[in-house]
Amino acid sequence: MRFVVFIKASPMTEAGAAPTEDLLMAMGKYNEELVRAGVMLDGMGLMPSAKGARITIANGTHTVTDGPFAETKEMVAGFWVWECRSLQEAIEWVKRCPPSVDQDSFEIRQVYELDDFGSDGEGIEQHEKVAKMLAERDAGKA
Amino acid sequence: MTDTRGTIDTIWRIEAPKIIGGLARLVRDVGLAEELAQDALVEALEKWPETGIPQNPAAWLTLVARRRAIDRFRRDRMVRDKNREVARELDAREDVSIALIEAHMDDDIGDERLALIFTACHPVLSEEARAALTLRLLGGLTPVEIARAFVSTEATIQQRIVRAKKTLKEADVIFEVPRGTERLERLASVLSVIYLIFNEGYAATVGEDWMRVQLCREAQRLGRILAELMPEDSEVLGLLALMEFSASRFGARTARDGSPILLLDQDRLRWDRLLIHRGVAALERAEKLGQPKGPYRLQAEIAGCHATAPAAGDTNWIRIAALYEALGTVAPSPIVELNRAVALSMAFGPAVAITVVDKLCDEPKLQNYHLLPSVRGDLLEKLERFREAAGEFERAAALATNAREKALLEKRASACRARQG
């Protein structure tokens with residue numbers, strides 16, 4: 001299964017503050033472990049929202065708002081794309097992430113892979129069938 | 001919702017190779033190492049729900065396993081020289097604290113995991129045994145899961161694993177990463193096991209057990225791990241690239257009714273671009289090593305030609321034909337030659353290709369292979385030799401095992417008969 005792991009923003013990431021030498025080393029090592037475990041597929045660090053923009057579309061009108069944005073908690077500072085056997089595995093890997101200076105918050109989201117099996121409508125059916133199988137399997141384990 | 005049991009299983013899956021590898025290096029017996037690790041897991045399942053999961057679960061499990069190893073060697077009455085040595089070594093580590101184990105946990109794990117892969121894939125074992133043992137020790141799959149994946153029974157798989165460990169022990173297989181000329185041979189064995197696992201999964205069709213398809217993911221994962229442990233070997237990168245490219249087509253290869261869609265007819269928008277990108281990157285890394293191209297790398301490059309062509313019409317058939325020719329040199333096979341003919345026909349037309357195919361007609365290995373008359377029929381049809389084409393399509397239909405393909409070939413035969421004139 002594929003997961004996107006969002007690294008949530010913090011006051012420091014929003015300030016564009018450079019991470020310490022130690023943290024860089026630790027993160028480097030962590031990323032290396034992820035690659036060596038065959039988990040990491042992709043990963044990117046995102047610039048502070050000051051360099052970004054938001055666009056809302058309503059009634060055919062586009063409204064563009066330049067960053068920075070206030071709600072630090074809601075924002076994303078980076079993300080990974082991982083291949084894991086389960087959400088639990090992704091959670092275990094996130095737990096190993098080295099702590100940063102101020103705040104650490106992550107969000108894990110599973111990637112839609114309806115096309116794992118079939119096409120169009122059948123894919124959705126199959127996806128649900130698999131989800132059901134997984135639920136049954138995990139229920140049996142407890 | 002805290003599901004401790006589920007968490008422990010998940011942690012086990014992640015850490016098992018590291019733990020088993022570390023133990024195997026100490027006790028010099030992969031089978032014993034796995035048993036000890038399993039014993040430690042059982043203890044964890046008993047204790048952790050109460051005590052909570054330790055900060056460093058791998059270190060905890062390793063410590064417990066080592067203590068059990070010491071107990072076992074002490075109890076062993078008939079301590080042969082080999083065991084005595086190991087027992088002494090373990091004794092020396094007896095008072096190693098968890099802190100020290102943690103500190104050294106990451107030393108050499110690369111080497112230990114690699115040694116584990118090489119041992120599980122040892123050529124003294126049958127291919128099926130290697131596959132089962134690899135999935136068990138490196139994938140952390142249970143015998144039940146492996147059985148479902150290979151459409152076998154739990155008992156068969158368990159027996160296979162037990163026998164495999166026994167064989168390794170009796171053959172005195174040393175737990176290490178092979179060096180020198182042996183390394184190349186042994187590596188070929190490792191790559192073939194990973195590719196076998198991948199193909200088992202790739203052959204799975206819609207409606208089959210989900211565990212079958214998971215084999216592909218396990219193989220890809222093993223391929224990625226191996227590429228990190230042996231980045232200096234271009235065939236390792238070649239196999240990785242080949243698997244990434246093949247897997248990129250998962251979402252496009254089956255029609256709504258479950259029938260397979262040929263590569264050239266697939267909707268390329270459904271191809272996984274992330275995997276294609278990874279395949280291309282692996283091939284680029286392989287290229288930089290400046291080693292001669294082996295079969296995996298060549299097959300990967302062929303797959304790469306398709307993967308990077310925006311549409312079927314953009315395919316670089318000339319390059320593919322050249323790659324098949326190179327592949328035929330390093331890994332000669334009539335099927336490779338047949339594929340080369342197909343590429344030649346796409347690149348230069350049917351007249352060029354048919355001379356190659358004609359030479360294959362007496363090839364004993366292809367006598368029952370329906371694709372030979374199928375390809376020949378296709379070329380003859382393009383050359384407007386309709387009567388001969390019909391004959392070939394009929395022969396192909398007779399040999400085809402798949403009902404859908406059979407029907408398709410019969411249809412083509414009729415179409416040719418109609419144009420016979």
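This is a predicted model: local features need pLDDT of at least 70, side-chain atom pairs count only at pLDDT 80 or more; totals for chains, interfaces and linings use all residues.
Residues are numbered from 1 along each chain as its sequence is written, while chains are lettered from A and ligands numbered from 1 in the order in which they are written. Local features need pLDDT of at least 70, side-chain atom pairs count only at pLDDT 80 or more, and totals for chains, interfaces and linings use all residues; side-chain values use heavy atoms, with hydrogens and water left out.

Start with chain A. It has 4 helices and 6 strands. Both are DSSP runs, numbered from the N terminus: helices are H or I with at least four residues, strands are E with at least two. Along the sequence, the order in chain A is β-α-α-β-β-β-β-α-β-α. Chain A has 142 residues, and 33% of them count as buried. Buried means under 20% relative accessible area, exposed means over 50%, and partly exposed lies in between, with a 1.4 Å probe and protein chains only.

Now look at two strands of chain A. Strand β3 (residues 53-58) and strand β4 pair in the antiparallel sense over 6 bridges. Two strands pair if DSSP finds at least two bridges between them. A:Ala58 stands opposite A:Thr61 in β4(A). A:Arg54 has A:Thr65 as its bridge partner in β4(A). The hairpin of β3(A) and β4(A) has 2 residues between the strands, and A:Asn59 takes a positive phi near 50 degrees there. How many residues of strand β4 (residues 61-66) of chain A are buried? The count is 0 among its 6 residues, so the strand is hardly covered.

A charge sits over a ring if NZ of Lys or CZ of Arg is within 6 Å of the ring centre and within 35 degrees of the ring normal. In chain B, B:Arg253 lies over the face of B:Tyr202, at 4.4 Å from the ring centre.

Rings also pair with rings. Rings of Phe, Tyr and Trp (its six-membered ring) pair if their centres lie within 6.5 Å; planes under 30 degrees apart count as stacked, over 60 as edge-to-face and the rest as tilted. The count comes to 6 aromatic pairs over all chains. B:Trp48 and B:Trp60 have ring centres 5.1 Å apart and planes at 70 degrees, so this pair is edge-to-face. The pair links distant parts of the chain: B:Trp48 is in helix α2 (residues 30-51) of chain B and B:Trp60 in helix α3 (residues 57-75), 12 residues apart. Both B:Trp48 and B:Trp60 are buried. In chain A, ring pairs link A:Tyr30, A:Trp80 and A:Trp82 into a cluster.

The structure holds 2 cavities of 30 Å³ or more. On a 1 Å grid over the protein atoms alone, a cavity is a set of points where a 1.4 Å probe fits but cannot get out, and lining residues have an atom within 4 Å of a point. A volume is the space filled by probe spheres set on the points, which are joined across faces, edges and corners. The second largest cavity holds about 40 Å³. Its lining includes A:Met1, A:Glu83, B:Gln214 and B:Arg217. Helix α11 (residues 210-229) of chain B gives the largest share of this lining, 4 residues.

How values were computed:
On a 1 Å grid over the protein atoms alone, a cavity is a set of points where a 1.4 Å probe fits but cannot get out, and a pocket is an open set with protein on both sides within 12 Å along at least five of seven lines; lining residues have an atom within 4 Å of a point.
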